[in-house]
Amino acid sequence: MAAPPDNDVLWARALHVTHNGSPALTGVSLGVREGEILAVGGPRGSGKTTLLRCLSGQLTAQEGEVWFDSTPVHTMSPRRRERLRRDRFGWIDPTPVLVPELTAWENAALLLMLRGVSRRRAKTTALEWLDRLDVGGCARKRPYALLQAERQRVAIARALAPAPSVIFADEPTAPLHRADRAQVLRTLTAAARSHGITVVLATHDADTAALADRTVSLLDGRHVDTVHLPPLMESTEPTRSREPSEPGGPGEPPEPAQPSRPGEPGRPTETEGRAACSLSA
């Protein structure tokens, strides 16, 4: 087992993953440099989500290695991987997953409060990120009162607020209009560069991939030299919804869809929601 290069904060070698007997990743290898914004491109179903889940420790490949900061993630115990995800990683889903009992600022501050940051400091940081993402006026609203696009901005603020080492963004602007996508992606990439955050961004959109430092392309679970990414079609106007977790845009379907598990980065559990409520009471 060879250690990864010193300048790679994330490194994977020969990842093989199958779902229900069908290959999802076949021998994928890559390295991600510290502070780099890496786009993982490819059409829907090409293995992008599976690769991000392997790199973030949510999923263990049947074969292959994953390293973070010269530490083998693939040999960690489930508890150590959970701690790694909570302490060092951020995660943005294609559709927002917020705690319905909490306000927008409490959702954005959730991970900070769970790490022991004071309520005042966590609120200040959360409000700053909500303002930068143009949803500061929604800070006291609960998810049911927000548009799908507003909920997604809150979820992105939650991922950025703790300043993680790596953010894994799986089609993060899927629920947004084209103009909104550009603004949110600029905020995400500018914040990553100014804070030295590494970003692994899954996308099937050429305009989104163009904002990255480098693109790795997948096709049918294999690493290919290049793949044509079409421009994303303009989405329809998002409507108000009473369901905080209702799908709102064309994200890549998970491979296969997995229920949220305790400790997955950016996905607060019911227990965490209760804890945050008591912290903010």
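What follows covers the cavities, then two helix contacts.

Keep in mind that this is a predicted model. It holds three cavities of 30 Å³ or more, and helix H3 packs against both helix H5 and helix H4.

**Empty space inside**

- Rolling a probe the size of a water molecule over the atoms is a way to see where empty space is left.
- The largest cavity has about 80 Å³ of space in it.
- Sorted by class, the lining of the largest cavity has six nonpolar, four polar and two charged residues.

**Helix H3 against helix H5**

- To describe two packed helices, you give the angle between their axes and the distance between the axes.
- For H3 (residues 104–114) and H5 (residues 148–160), the angle is about 30° and the axes are 7 Å apart.
- Angles under 35 degrees count as roughly parallel, so H3 is roughly parallel to H5.
- The crossing of H3 past H5 is right-handed.
- On the H3 side, the contact is made by Ala104, Asn107, Ala108 and Leu111, while H5 brings Val154, Ala157 and Arg158.
- That contact of H3 with H5 counts five nonpolar residues, one polar and one charged.

**Helix H3 against helix H4**

- H4 covers residues 119–132, and H3 packs with H4 at an angle of about 125°, with the axes 8 Å apart.
- H3 and H4 are therefore oblique to each other.
- Here too you'll find a right-handed crossing, with H3 passing H4.
- From H3, the residues in this contact are Ala104, Trp105, Ala108, Ala109, Leu112 and Met113.
- They meet Arg119, Ala122, Lys123, Thr125, Ala126, Leu127 and Leu130 of H4.
- By class, the contact of H3 with H4 splits into 10 nonpolar, one polar and two charged residues.

Conventions
Residues are numbered from 1 along each chain as its sequence is written. This is a predicted model: local features need pLDDT of at least 70, side-chain atom pairs count only at pLDDT 80 or more; totals for chains, interfaces and linings use all residues. Side-chain values use heavy atoms; hydrogens and water are left out. On a 1 Å grid over the protein atoms alone, a cavity is a set of points where a 1.4 Å probe fits but cannot get out, and a pocket is an open set with protein on both sides within 12 Å along at least five of seven lines; lining residues have an atom within 4 Å of a point. Grid points are joined across faces, edges and corners, and a volume is the space filled by probe spheres set on the points. Ala, Val, Leu, Ile, Met, Phe, Trp, Tyr, Cys and Pro count as nonpolar, Asp, Glu, Lys and Arg as charged, and the others, Gly among them, as polar. Axes are lines fitted to C-alpha atoms, for helices over the stretch in contact, and angles run from 0 to 180 degrees between N-to-C directions. Helices (H or I, at least four residues) and strands (E, at least two) are DSSP runs, numbered from the N terminus. Angles under 35 degrees count as roughly parallel, over 145 as roughly antiparallel, 65 to 115 as roughly perpendicular and the rest as oblique. A crossing is left-handed if the near helix is turned anticlockwise from the far one by less than a right angle, and right-handed if clockwise. Contact means heavy atoms within 4.5 Å.
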